[in-house]
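Hello,

Here is the structure I said I would pass on. Please open it first and then read the notes below it.

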Amino acid sequence: MDLAGARTLLDRALDDARAAIPAAADLDALDALERRLTGKRSPAAAVNEAIKGLEPADRPVAGQAVGAYRAAVLELLEARRTELAAARAGSRLEQERLDLTRGGRGRRRGHLHLVTQVRQELEDVFVGLGFQVAEGPEVETDWYNFEALNMPAHHPARSMWDTLYVRLGGPEEVLLRTHTSPVQIRVMEGRRPPIYTVMPGRCYRRDTLDARHSPVFHQIEGLVVDRGITFGDLAGTIEAFTRAYFGEGHTARLRPSFFPFTEPSAEFEVTCIFCEGNGCSVCSGTGWIELGGCGMVDPNVFLAVGYDPEEVSGFAFGFGLERMAQMRYGIDHIKTYFENDVRFLAQF
Ligand code: DAH
């Protein structure tokens, strides 16, 4: 072999390496290629062997050619090894990937409290009827809770609500609202008719706990003020939301009643589902459960907020949310709402 022959041999081998190494399928194949291209029986070894027989001047040239060949082959091998290693790590990652999107087995998710569900459901019903939703503060002044609702100081009707007072301002000036009716005043003060608004929220009374009464409870208030609103509109609205909430088969009745802020006033009752109207301890033997009050807004209430009672008329209502749900789901004691017993809460 002369120098030219040695060069040809190495050039071909390098061409071979450039084609084979990047195509090697795995690390074992690369090892085999390394042996073939640089090992004892490789072209490089053959040229090394032949150097002794070359012209002395050609020997270092041939030696350098072998060195350059080796360096080029090792570089190709190294690049392919890195590639294969990365691919292997990637496929392992893929294999060992944990799918955390499935949320695990047997884990129960929490949900909204029943009272919140009732509230949202009723809001949806009323929004469907064209109402807006508004809220007011739980700590109120005497003006909003009583006075503006046609109950001046010492009005006997105030005793309908056993009130919890807050030590703020003058004596008995600030209180925990006993109903959601004060929000009516706030809504009317803030804008002009037409008003179609419901106002849900928490209320407080100095009541002793029994099956239907709790010192803390929730109401939803409704207020409509427009031109030419009649008692028929009130009765129709109550009918509509009772059906929407309790289902078609349910009967409700309005009975004449008294509230200072409405004239005429009515009480809204549904048949007691526990005894189906026969009388039991939940309905105190009457067969009916009172859910709330309603009526045509008293002219004095309009005057308190600067509306002209000759120009507009309206109706209002207020219902207890816990009681509504008691009647829909057959919950025999109001305290179960607040005991936080998960066995109860999880049923809804
Ligand atoms: N606020 C009354 C209560 O808590 C319920 C009520 C009665 C609200 C008549 C009204 C109404 O808006 O017109 O006992």
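**Notes on the ligand and the sheets**

A polar side-chain atom of Gln184 is placed 2.9 Å from an oxygen atom of the ligand. A polar contact here is a pair of N or O atoms within 3.5 Å; within protein, one must be able to donate a hydrogen and the other to accept it, and residues adjacent in sequence count only if both atoms are side-chain atoms. The protein buries 94% of the 350 Å² that the ligand exposes when taken alone (accessible areas come from the Shrake-Rupley method with a 1.4 Å probe; for residues, only the protein chains shown count as cover).

This is a predicted model, in which local features need pLDDT of at least 70 and side-chain atom pairs count only at pLDDT 80 or more, while totals for chains, interfaces and linings use all residues. Residues are numbered from 1 along each chain as its sequence is written, and side-chain values use heavy atoms, with hydrogens and water left out.

An N or O atom in the side chain of His179 is 2.9 Å from a nitrogen atom of the ligand, and a polar side-chain atom of Trp161 lies 3.4 Å from an oxygen atom of the ligand.

Which residues come nearest to the ligand? Of the 16 around it, they are His179, Ser181, Arg205, Gln219 and Glu221 (a residue is near a molecule or strand if one of its heavy atoms lies within 4 Å of it). The shell consists of six nonpolar, eight polar and two charged residues. In this count Ala, Val, Leu, Ile, Met, Phe, Trp, Tyr, Cys and Pro are nonpolar, Asp, Glu, Lys and Arg are charged, and the others, Gly among them, are polar.

At least two shell residues each come from helix 7 (181-190), strand 6 (216-226), strand 9 (288-297) and strand 10 (313-320). Helices (H or I, at least four residues) and strands (E, at least two) are DSSP runs, numbered from the N terminus.

Seven strands form an open sheet with mixed pairing, in the order 1-5-6-10-9-8-7. Its edge strands, strand 1 (132-133) and strand 7 (252-259), each pair on one side only. Two strands pair if DSSP finds at least two bridges between them. Strand 6 and strand 10 are antiparallel and share eight bridges; Leu223 has Ala316 in strand 10 as its bridge partner.

Another open sheet has three strands in the order 2-4-3, with antiparallel pairing. Strand 2 (139-141) and strand 3 (165-166) are at the edges with a single partner strand each, so one side of each has no neighbour in the sheet. Strand 3 pairs with strand 4 (residues 174-176) over two bridges, and Val166 stands opposite Val174 in strand 4.

Last, some backbone details. Glu172, in the loop between strand 3 and strand 4, has a positive phi of about 55° although it is not a glycine. The peptide bond joining Pro193 and Pro194 is cis, with omega about 5°, and Pro194 is in the loop between helix 7 and strand 5 (195-204). The bond from Glu263 to Pro264 is also cis, with omega near -5°; Pro264 is in strand 8 (residues 262-271).

Regards
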